[in-house]
Amino acid sequence: MIQSEVLDFLEQMPAHYTIGKIFSHQETGIKLTYERDKQVAAFCHDHKIDWVESPYAGVIRGIKRRNNWPKHWYATMS
């Protein structure tokens, strides 16, 4: 088991492995986790790594307004 901050871990991996793609779920936490996700996205972009984030718990991230939110939620959950 490895316990580490994600960026510290990712920065060590290229010395040992070639990473082409990372899979994770979308965080639905606080501003701290959102800022960390932006840093991971920048790291992946800089290192040409595809990052595939799956939605989690029906949360729709990044929407500006919540108009028709139930309709979008049901579509996402379907």
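How many helices and strands does the protein chain have? The secondary structure comes to three helices and two strands, in the order α-β-α-β-α along the sequence. Helices (H or I, at least four residues) and strands (E, at least two) are DSSP runs, numbered from the N terminus.

This is a predicted model, in which local features need pLDDT of at least 70, side-chain atom pairs count only at pLDDT 80 or more, and totals for chains, interfaces and linings use all residues. Residues are numbered from 1 along each chain as its sequence is written, and side-chain values use heavy atoms, with hydrogens and water left out.

Of the 78 residues, 17% count as buried (under 20% relative accessible area, 1.4 Å probe, protein chains only). Gln 26, in the loop between S1 and H2, is buried, with a relative accessible area of 17%. Not counting residues up to four places away in sequence, Gln 26 touches Glu 53, Ser 54, Pro 55, Tyr 56, Val 59 and Arg 61; contact means heavy atoms within 4.5 Å.

| Element | Residues |
|---|---|
| Helix H1 | 6-12 |
| Strand S1 | 21-25 |
| Helix H2 | 31-46 |
| Strand S2 | 50-54 |

S1 gives the most to this lining, with five residues. By class, the lining has eight nonpolar, two polar and five charged residues (Ala, Val, Leu, Ile, Met, Phe, Trp, Tyr, Cys and Pro count as nonpolar, Asp, Glu, Lys and Arg as charged, the others, Gly among them, as polar).

How values were computed:
Buried means under 20% relative accessible area, exposed over 50%, partly exposed in between (1.4 Å probe, protein chains only).
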